[in-house]
Amino acid sequence: MKGLFNKVKNLPTRRRFVVSTIRKGENAFETAIFEANFFYLPRSWSRPALVVATATQDEAWDTHYQLTARLTKEYPLRIIQEYS
């Protein structure tokens, strides 16, 4: 498997996001959160709202699922500030 992709609707703000995890190298993974429009298309591929780098596949998948779960229930700005 090369990557993960989830569409997320934030319940408190009703905004839409895309959470994507990709393999950047042999031991490098990157999880990014993009703000999305009504059709869940990212507003800007070149400017993600948050990028989290990890070293292993398991850690990347855990980060992806944790961000997806938290983004549905918590305010996005709080999550972005925590990981920045």
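The structure is a predicted model, in which local features need pLDDT of at least 70 and side-chain atom pairs count only at pLDDT 80 or more, while totals for chains, interfaces and linings use all residues. Residues are numbered from 1 along each chain as its sequence is written, and side-chain values use heavy atoms, without hydrogens and water.

Strand β1 covers residues 3-9 and pairs with β2 in the antiparallel sense over seven bridges; strands (E, at least two residues) and helices (H or I, at least four) are DSSP runs numbered from the N terminus, and pairing requires at least two DSSP bridges. The two strands form a hairpin with six residues between them, and Arg14 in the turn has a positive phi of about 60°. Within this pairing, Val8 has Phe17 of β2 as its bridge partner.

Val8 and Phe17 also belong to the largest nonpolar core, which has ten residues in all. Such a core is a set of buried Ala, Val, Leu, Ile, Met, Phe, Trp, Tyr and Cys residues joined through side-chain atoms within 4.5 Å, where buried means under 20% relative accessible area, exposed over 50%, and partly exposed in between (1.4 Å probe, protein chains only). At least two core residues come from each of β2 (16-25), β4 (50-54), α1 (57-73) and α2 (76-83). In soluble globular proteins, nonpolar side chains tend to be buried together.

Trp45, by contrast, lies in the loop between β3 and β4. Trp45 counts as exposed because its relative accessibility is 59%. Leu41 lies in the loop between β3 (28-36) and β4 as well.
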